[in-house]
Amino acid sequence: MKRKISIIGSTGSIGTQALEVIEKLRDKFEIIALAGGHNKELLAKQAEKFKPRYNCLGEEGLEKICSDKENDIILVACSGKIGLKPTLTAIRNGIDIALANKETLVMAGDIVMAEAEKYGVNIIPVDSEHCAIHQCIKDINQVDKLIITASGGPFLKKSVEDMKNATVEQALAHPRWNMGKKITVDSATLMNKGLEIIEAHHLFGFDYDNIDVVVHPQSIVHSAIEYKDGSVIAQIGLPSMHIPIQYAITYPERFEGIKSKSFSFSEIARLDFEKPDYEKFPTLKLAYEMGKLGGTATVCLNAANEEAVFAFLDGKIKLYDIYKITKKMCDEHKVIKNPTIDEIMAVDKEVREQTQQFINLNFVLK
Ligand code: MG
């Protein structure tokens, strides 16, 4: 029987790669719906090629797709907070989720995971690190620690001074992964890793003290877990997003699909690991702190960071200002414990407005 799937964010980086996977596994999938972001032409091309039952552009239609119980699984691959409410709708309709959208768990992880449990829904992570952990875990109760790897981004070997004066081009030159602009800047500051530890906390139910980050420039070890007896299981492979996407949408089965070239230990020859430098990458420390605070602290972290990243991409601020601005907004934030979705959305909006205001007053007009 074919697995019925819809893709939210089909025209984005993850969405297009998911369709490449599905193209290789045409006999395994039937596409119910495709939802694109802004790229009307690409969506039309995809619709013609993959013949979904329906498709939509933008935010409208996401609720319809996510309440369509015909779906066995929905790949949530859009970026930003627009993924949150439709994902909850899908969960409440008993539809499994392949999750690539970070905001869903960073903003509302407590609610999303509780609903998934209540409705007996699988949430299978697409992000390479969480996908790796998902693959390693056999019995979660026996696991002591999660070890998330970070490539370290383009500034790993650069000085703090170099980083302070970094241009947009330098920040966007990620050595290992080809991704969207926002996530690439987040990878340069290690905020991306910060958001990933928050996601891991929710996905796997681990305390922040039991989630470690290790810098691993080659991006071969995608993450690892340590069992109570000290045994470490790591998932390794060549860096490719096709593999975790395929894993998530075909889980628990595995197919050849888009197989990466066979792995050769001798060709790789060496793997390096080092501790993250919290002085150079203070955003990672900030993410741990806000994660531990919980409630709306991570909503504030995410919203302030995103607005600051946009300002950096617009040339309004320097790379290091992203941290300063995010930290200031987090320091001033009054955390709501156990917020509702409406409260989460309100905090998100408020923090974004405050961040923009702060940037306009302190940076742009200088
Ligand atoms: Mg990742």
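Along the chain, the donors of the magnesium ion follow the spacing D-x1-E-x66-E. Donors here are N, O and S atoms within 2.8 Å of the metal (3.2 Å for Na, K and Ca), and water is not among the atoms, so sites may look incomplete. Glu129 in helix 6 (residues 128–136) and Glu196 in helix 10 (residues 191–204) are 67 residues apart, a pair that links distant parts of the chain. Helices (H or I, at least four residues) and strands (E, at least two) are DSSP runs, numbered from the N terminus.

This is a predicted model, in which local features need pLDDT of at least 70 and side-chain atom pairs count only at pLDDT 80 or more, while totals for chains, interfaces and linings use all residues. Residues are numbered from 1 along each chain as its sequence is written, and side-chain values use heavy atoms, with hydrogens and water left out.

The protein donors are Asp127 (OD), Glu129 (OE) and Glu196 (OE), 2.1 to 2.3 Å from the magnesium ion. Glu129 is buried, at a relative accessible area of 8%, and Glu196 is buried at 1%; buried means under 20% relative accessible area, exposed over 50%, partly exposed in between (1.4 Å probe, protein chains only).

Helix 6 also contributes to the lining of the second largest pocket, where helix 6, strand 10 (232–236) and helix 11 (242–250) each supply at least two residues. Helix 11 gives the most, with five residues. The lining comprises 25 residues, and Gln235, Ile243, Arg254, Lys259 and Ser260 lie nearest the centre of the pocket.

How values were computed: On a 1 Å grid over the protein atoms alone, a cavity is a set of points where a 1.4 Å probe fits but cannot get out, and a pocket is an open set with protein on both sides within 12 Å along at least five of seven lines; lining residues have an atom within 4 Å of a point.
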